[in-house]
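Dear colleague,

Please find below the structure that I am handing over to you. I would be grateful if you could read the notes after it alongside the coordinates.

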Amino acid sequence: MKLTYYGHACFAVSAGGRLCSSTPFISQNPLAGKIDLEKIDADFILVSMATAITSRTSPLSRNALRATVIAPFEVGEWFEKKESGTSRP
Amino acid sequence: MVREKGIRNIQAMNHGGAARTSFGRVKLTAAIHSSSMPDGSYGGNPCGFVVESSEGNFYYSGDTALTSDMRLIGEQTQLRFAALPIGDFYTMGITDAVRAADLVGVNKIVGVHYDTFPPIQIDRDAAQKTAAAGGKELLLPAIGESIEI
């Protein structure tokens with residue numbers, strides 16, 4: 001397995017040929033200024049808590065927008081209420 | 001903010017449940033931490049994840065304190081490594097991370113949630129010594145670095 005660290009508690013793991021990434025906190029992390037968001041192409045993004053979804057959470061790269069977000073129920077519901085275009089796979 | 005993110009697909013799950021994925025399976029585990037949405041609404045309980053894949057399994061605890069529930073994870077799943085917070089203050093620190101690694105049955109710890117803010121800046125040498133004393137390998141890849149694990 002290949003693991004890439006993106007700072008704080010964000011990392012990506014290539015598992016079975018697919019990437020899964022933990023809670024993104026990149027563009028607002030001053031220690032991760034060299035990370036190019038456009039090069040992160042995750043199939044799944046694991047969001048561990050609501051606190052991670054703050055104004056400090058980085059926008060995801062265009063490549064990652066096709067990813068499936070796996071999150072606690074209330075976090076998922078919050079996203080669905082905020083954006084009608086969101087759907088569960 | 002959400003439109004800015006453009007998230008389209010969400011699996012809204014809960015603790016103890018698992019989702020089948022293209023690479024295997026993801027199960028939500030308990031975590032002890034705060035969790036509220038940026039608009040103040042209820043954010044439910046935070047979680048960790050057990051990821052199972054054809055290449056191996058791993059545990060990402062999320063932001064959490066040490067909890068004896070972690071023993072159940074090790075009893076159920078053979079893990080290759082665990083990604084655990086080591087920064088202390090907001091989460092467990094390295095001493096408890098070593099105990100967590102014992103509970104889930106791994107020798108390799110990928111340290112996360114450290115150095116980002118002043119309260120969680122760590123002494124790397126001391127952390128490595130603590131891990132080694134507990135029989136664990138503490139992996140601290142540089143930001144942007146990839147490692148085989």
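The model is predicted, and the confidence values should be kept in view. Chain A has a mean pLDDT of 77, with 75% of its residues at 70 or more. Among its elements, strand E1 (residues 2-5) of chain A has the highest confidence, at 94, and strand E3 (residues 18-22) of chain A the lowest, at a mean of 76. One stretch calls for particular caution: across residues 54-59 of chain A the pLDDT stays under 50, and the model has 17 contacts beyond four places in sequence for this stretch.

Chain A contains five strands and one helix, arranged along the sequence as β-β-β-β-β-α. It has 89 residues, of which 54% count as buried. Where contacts in chain A join residues at least 6 apart in sequence, 43% of them link residues at least 24 apart.

The strands of chain A take part in a sheet that also includes strands of chain B. This open sheet has seven strands, in the order E1(B)-E5(A)-E4(A)-E3(A)-E2(A)-E1(A)-E9(B), and its pairing is mixed. Strand E1 (9-13) and strand E9 (146-148) of chain B each have a single partner strand and stand at the edges, so each has one side without a neighbour in the sheet. On average, neighbouring strands of the sheet are turned by 20° against each other, direction ignored.

At one end of that order, strand E5 (residues 68-72) of chain A pairs with E1(B) in the parallel sense, over five bridges. Within this pairing, B:Met13 in E1(B) is the bridge partner of A:Pro72.

A:Ile70 also belongs to strand E5 of chain A. Is this residue, A:Ile70, buried or exposed? A:Ile70 counts as buried because it has 25 C-beta neighbours inside 10 Å, and the cut-off for burial is 20 or more. Leaving aside residues up to four places away in sequence, A:Ile70 touches A:Phe44 and A:Leu46 in its own chain, and B:Gln11, B:Met13, B:Ala19 and B:Val26 in the other. A:Ile70 also lies 9.6 Å from A:Ser22, C-alpha to C-alpha, although the two are 48 residues apart in sequence.

The largest nonpolar core has 67 residues, and A:Phe11 and B:Ala82 touch the most other members. Helix H3 (residues 94-104) of chain B supplies the largest share of this core, with six residues. Beyond four places in sequence, B:Ala82 has several contacts, including B:Phe58, B:Tyr59, B:Ala100, B:Ala101 and B:Val104.

Finally, the contact between the chains involves 55 residues of chain A and 62 residues of chain B. On the side of chain A that touches chain B, the elements that give two or more residues are E1, strand E2 (11-15), E3, strand E4 (44-46), E5 and helix H1 (73-82) of chain A. H1(A) gives the most, with nine residues. By class, this side of chain A has 29 nonpolar, 16 polar and ten charged residues.

With kind regards

Notes:
Residues numbered from 1 in each chain as written. Chains lettered and ligands numbered in written order. Predicted model: local features only at pLDDT ≥ 70, side-chain atom pairs only at ≥ 80, totals over all residues. Pairing = 2+ DSSP bridges. Helix = DSSP H or I, 4+ residues; strand = E, 2+ residues; numbered from the N terminus. Axes fitted to C-alpha atoms, helices over the stretch in contact; angles between N-to-C directions. Buried ≥ 20, exposed ≤ 12 C-beta atoms within 10 Å, placed from the backbone. Contact = placed C-beta atoms within 7 Å. pLDDT = per-residue confidence, 0-100. Core = buried A, V, L, I, M, F, W, Y, C linked by C-beta atoms within 7 Å. Nonpolar A, V, L, I, M, F, W, Y, C, P; charged D, E, K, R; others polar.
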